[in-house]
Amino acid sequence: MKDCIFCKIINNEIPSFKLYENEYILAFLDISQVTKGHVLIIPKEHYKDIHELDETAAKNIFKNVPELATAVKEAFNASGINIVNNNGEAAGQTVFHYHVHIIPRYNEKDGFR
Ligand code: 5GP
Ligand code: ZN
């Protein structure tokens with residue numbers, strides 16, 4: 001979709017640090033890391049939010065979430081992982097191309113971040 005920042009990332013019109021890609025999804029580092037290793041998973045097709053996803057689109061996104069969460073946890077040696085998805089401005093969504101956040105969490109002794 002024109003003027004969508006995540007569609008531009010998919011099309012390599014703007015750069016990103018990509019971690020994983022298949023026919024349906026792309027995983028890349030969030031530009032503004034809530035914690036070290038903060039990753040976004042997006043469908044390659046443009047859907048505004050969760051309410052636009054059909055069953056096939058949802059399956060194609062979510063079937064990879066556990067594996068990617070585990071890979072991020074191991075790569076960054078995190079103690080835990082938050083999976084977050086904001087839908088709608090009132091819920092904190094700022095980019096209106098559906099995405100799932102993988103946010104690694106660290107123990108206090110590891111310095112939180
Ligand atoms: P939301 O607030 O919509 O749930 O999350 C949008 C996320 O996209 C934010 O965490 C923000 O940092 C990230 N983001 C916005 N623009 C870019 C960009 O150009 N590149 C990357 N890698 N992340 C972006
Ligand atoms: Zn888009």
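**Figure 1. The open sheet of the predicted model.** Five strands build an open sheet in the order S1-S2-S3-S5-S4, with antiparallel pairing. Strands are DSSP runs (E, at least two residues), as helices are (H or I, at least four), numbered from the N terminus; two strands pair if DSSP finds at least two bridges between them. Strand S1 (18-21) and S4 stand at the edges with a single partner strand each, so one side of each has no neighbour in the sheet. On average, neighbouring strands of this sheet are turned by 20 degrees against each other, direction ignored. This is a predicted model, in which local features need pLDDT of at least 70 and side-chain atom pairs count only at pLDDT 80 or more, while totals for chains, interfaces and linings use all residues. Residues are numbered from 1 along each chain as its sequence is written, and chains are lettered from A and ligands numbered from 1 in the order in which they are written.

**Figure 2. Strands S4 and S5 with the helices on the sheet.** S4 and S5 run antiparallel and are joined by five bridges. Valine 84 has histidine 101 of S5 as its bridge partner. Helix H3 (residues 65-75) packs on the sheet and touches S1, S2, S3, S4 and S5, its direction making about 30 degrees with that of S5. Helix H2 (residues 55-62) lies across strand S2 (25-29), strand S3 (39-43) and S5, and runs at about 150 degrees to S3. Axes are lines fitted to C-alpha atoms, for helices over the stretch in contact, and angles run from 0 to 180 degrees between N-to-C directions.

Figure 3. Histidine 99 sits in the loop between strand S4 (80-84) and strand S5 (100-105). An unreviewed UniProt entry annotates His99 as "active site"; such annotations may be inferred rather than shown by experiment, and positions follow the numbering used here, with feature names shortened. Histidine 99 counts as buried because it has 23 C-beta neighbours inside 10 Å (buried: 20 or more other C-beta atoms within 10 Å; exposed: 12 or fewer; partly exposed: in between; C-beta atoms placed from the backbone). Leaving aside residues up to four places away in sequence, histidine 99 touches Phe6, Leu40, Ile41 and Ile42 (contact: C-beta atoms, placed from the backbone, within 7 Å).

**Figure 4. The loop residue histidine 51.** Histidine 51 lies in the loop between S3 and H2. With 9 C-beta neighbours inside 10 Å, histidine 51 counts as exposed. Histidine 51 and asparagine 87 are 36 residues apart in sequence, and their C-alpha atoms are 8.3 Å apart in space.

Note on methods
Contact = placed C-beta atoms within 7 Å.
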